[in-house]
Amino acid sequence: MSEATPTVVLVHGAFADGSSWSGVIERLQTKGITVIAPANPLRGISFDSTYIASVIEQIEGPVLAVGHSYGGAVISNAGNTKNVVGLVYVAAFAPDEGETLGAVEGSSKDSVLSSALVPRQYPSANGGTATELYIDPAKARDAFAGDLSDQQAGLIAATQRPVADAAFGEPNGQPAWKHLPSWAVVATGDKAAGTDVVRSMAERAGAKITEIEGSHLIMVSQPDAVTNVILEAVAATTAVPVGA
């Protein structure tokens, strides 16, 4: 437990950006919580985790790291930064050391994400090309945003940020959930990460689990419920409870 209220760092997942946290950010700020939603590069576990860790290291005081989907893997690695006091997983992966997200995702009976992905090429640093993945816009609603409006789902499909294919094949490092308190939001209708995988990982991590009826983008469709879990984690990692 820290002596100061932690800064909440919200790490988005694949195919998204910081705006996916907009509803949660607004609610946390009304509670006086300092919030940062950095851009997750989406280029691979080691690169993204190192980048987010560098953001966290430059924050003065304690940090509560919150990750959505692929962002959960990133905070599992970056959460080893010394000023991180807790972790919150929102429809998120919480991998163990050596696990790859591709293998984990392949074990899910609830996920349909693999059938919705479209590979495209982008130039790599060595002058060659590498593969990144998009969600087929026609399948975005079913695989990603089942409880959002048609307008919201269409906007998400049009503005999505691709993730490097390498992110799903790179082994994860030593997870921070082995030494930090953690919380998890499990969306019961998650067809992207897969409700079964998200729940089993949260249980393995010893997280305090809150199940919410909704899709993979639960922080968009139900920001109040997700914010409440984050506020619970903030209070638990602060010597003086929020609002006291």
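Ala-130 touches Arg-120, Gln-121, Tyr-122 and Ser-124 when residues up to four places away in sequence are not counted, a contact being heavy atoms within 4.5 Å. The model is predicted, so that local features need pLDDT of at least 70 and side-chain atom pairs count only at pLDDT 80 or more, whereas totals for chains, interfaces and linings use all residues. Residues are numbered from 1 along each chain as its sequence is written, and side-chain values use heavy atoms, with hydrogens and water left out. Ala-130 is placed in strand β6 (residues 129–135); helices (H or I, at least four residues) and strands (E, at least two) are DSSP runs, numbered from the N terminus. Between the C-alpha atoms of Ala-130 and Val-226, which are 96 residues apart along the chain, the separation is 35 Å.

Helix α2 (residues 45–57) was examined next. Its 13 residues should span 18 Å at 1.5 Å a residue, and the end C-alpha atoms are 18 Å apart, which agrees; the expected span is 1.5 Å times one less than the number of residues. The buried residues of α2 are Ile-45, Asp-48, Ser-49, Ile-52, Ala-53, Val-55 and Ile-56. Seen down the helix axis, these buried residues fall within an arc of 155°, so they line one face of α2; the arc is that of the directions from the helix axis to the C-beta atoms. An α-helix has 3.6 residues a turn, so residues three or four places apart point the same way. On the other side of α2, Phe-47, Thr-50 and Glu-57 are exposed. Here buried means under 20% relative accessible area, exposed over 50%, and partly exposed in between (1.4 Å probe, protein chains only). The buried residues of α2 pack against β1 (7–11), β3 (63–68), α3 (70–78), β4 (84–90) and α4 (101–106).

The largest nonpolar core has 78 residues. Such a core is a set of buried Ala, Val, Leu, Ile, Met, Phe, Trp, Tyr and Cys residues joined through side-chain atoms within 4.5 Å. Those with the most contacts inside this core are Val-8, Leu-10, Val-66, Leu-87, Val-88, Val-90 and Ile-230. Helix α9 (residues 223–236) gives the most to the core, with six residues. In one of them, Lys-178 pairs with Asp-96, the closest N and O atoms being 3.2 Å apart. Lys-178 lies in the loop between β7 (163–164) and β8 (182–187) and Asp-96 in the loop between β4 and α4, so the pair ties together parts that are 82 residues apart in sequence. Lys-178 is partly exposed at 46% relative accessibility, whereas Asp-96 is buried at 18%.

Another salt bridge joins Arg-199 and Glu-211 (2.7 Å, N to O). This pair links helix α7, which holds Arg-199, with strand β9 (residues 208–212), which holds Glu-211, 12 residues apart. Arg-199 is partly exposed, with a relative accessible area of 26%, and Glu-211 is partly exposed at 42%.

Terms used. A salt bridge is a side-chain nitrogen of Lys or Arg within 4 Å of a carboxyl oxygen of Asp or Glu.
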